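Please read the numbered points with the sequence and the model side by side.

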Amino acid sequence: FLVYQRPHLTGEKWALIDQEVMIAQRCGSCNYGGDALFEIYNASRVWTNTTSGWTFVAAQDAVSGHALGWTALRPAWGNSTYNNATGKACSPGVQCGQLVPHDTWTPLLMVVGSAEKYASAANFSDLVAAAPLETFPRGLTSVTPVHFTWGKNTYEFTPGPSEWNGTWVLPTVNGNVVDVDPANVYDSAHLHAALGSNVVVAKYTPAYTIAYNFSDDTMRRLA
């Protein structure tokens, strides 16, 4: 299944991204308009915990029916509405829709978890619902940071102003300011590239790793 945040799909968001957590807010002065929302495609199941305010999305293997993982979604403050588009915008047997916050300037929180790590939807959803979240609605002249704790990490995310006039505060993880100029462009389990390098290393499995060189359009097997 696929869950992404609009507007701007892949970029032009004021965002903090970690291994299992994403907190993002629409950009007030970017090139693309539209209200902020979560777009959900080809989910096995979508449900909302009205007590906690989190909406959950499940994915399972189409052949075996075994759970693969889950995503938890919610606006930092205020309510949201799920517009179910199942049968209109996706394949038969799966669910699609949009989760739309009532305040388009609220940061959007996303937490993901694999079935291998969290075992069941009930366990994952209970952990998410119990995760500390401190947030206050956006004021007319000021904003209050969003504080969210997941696992061993505490995230502080200060929303930017809607007019985006250059006033912002960098997010922090466990009190450490996020590095906005890292040495690597990509640094994950499957993709690595140093800043300024034309070579990207992609790892499908430990036994299958390739290096692609954009400067001369060549590909080399590393493992």
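1. Helices (H or I, at least four residues) and strands (E, at least two) are DSSP runs, numbered from the N terminus. On that basis, the protein chain has two helices and 20 strands. One of the strands is strand 16, residues 184-187, which holds V185.

2. This is a predicted model, in which local features need pLDDT of at least 70 and side-chain atom pairs count only at pLDDT 80 or more, while totals for chains, interfaces and linings use all residues. Residues are numbered from 1 along each chain as its sequence is written, and side-chain values use heavy atoms, with hydrogens and water left out.

3. Some totals for the chain come next. Buried means under 20% relative accessible area, exposed over 50%, and partly exposed in between (1.4 Å probe, protein chains only). Of the 223 residues in the protein chain, 35% are buried. Accessible areas come from the Shrake-Rupley method with a 1.4 Å probe, and for residues only the protein chains shown count as cover. The chain exposes about 12,700 Å², of which carbon and sulfur atoms supply 53%. Contact means heavy atoms within 4.5 Å. Among contacts between residues at least 6 apart in sequence, 49% join residues at least 24 apart.

4. A nonpolar core is a set of buried Ala, Val, Leu, Ile, Met, Phe, Trp, Tyr and Cys residues joined through side-chain atoms within 4.5 Å. The largest such core has 25 residues, and those touching the most other members are W54, V111, F124, V128, F148, W150 and Y155. Once residues up to four places away in sequence are set aside, the residues that Y155 touches include L16, V21, I23, V146, F148 and W150, and also D18, H147, T172 and V173. A second, separate core has twelve residues, among them A24, A36, F38 and I40.

5. Rings of Phe, Tyr and Trp (its six-membered ring) pair if their centres lie within 6.5 Å; planes under 30 degrees apart count as stacked, over 60 as edge-to-face and the rest as tilted. Eight aromatic pairs are found in the whole structure. The pair of W54 and F148 is tilted, because the ring planes stand at 45 degrees, with centres 5.9 Å apart. This pair links distant parts of the chain, since W54 lies in strand 6 and F148 in strand 12 (residues 146-150), 94 residues apart. W54 counts as buried because its relative accessibility is 2%, and F148 is buried at 1%.

6. How are the rings of F56 and F124 arranged? Their planes are at 80 degrees and their centres 6.3 Å apart, so the pair is edge-to-face. F56 belongs to strand 6 and F124 to helix 2 (residues 121-130), 68 residues apart. Both F56 and F124 are buried. Ring pairs also join W47, F56, W70, Y118, F124 and W150 into a cluster.

7. A salt bridge is a side-chain nitrogen of Lys or Arg within 4 Å of a carboxyl oxygen of Asp or Glu. The structure holds one, formed by the side chains of E20 and K117 at 3.2 Å, N to O. E20 sits in the loop between strand 2 (13-17) and strand 3 (21-26), and K117 in helix 1 (residues 115-118), 97 residues apart.

8. G97 is part of strand 9 (residues 95-101) and is buried, at 2% relative accessibility. Its C-alpha lies 5.4 Å from that of N83, 14 residues away in sequence. Beyond neighbours within four places, G97 contacts F38, E39, I40, Y82, N83, N84 and A85.

9. T209 is placed in strand 19 (residues 208-213) and is buried at 8% relative accessibility. Apart from neighbours within four places in sequence, T209 contacts V201, A202, K203, R220, R221, L222 and A223.

10. T51 occupies the loop between strand 5 (45-49) and strand 6 (54-60). T51 counts as exposed because its relative accessibility is 76%. T51 and A129 are 78 residues apart in sequence, and their C-alpha atoms are 8.6 Å apart in space.
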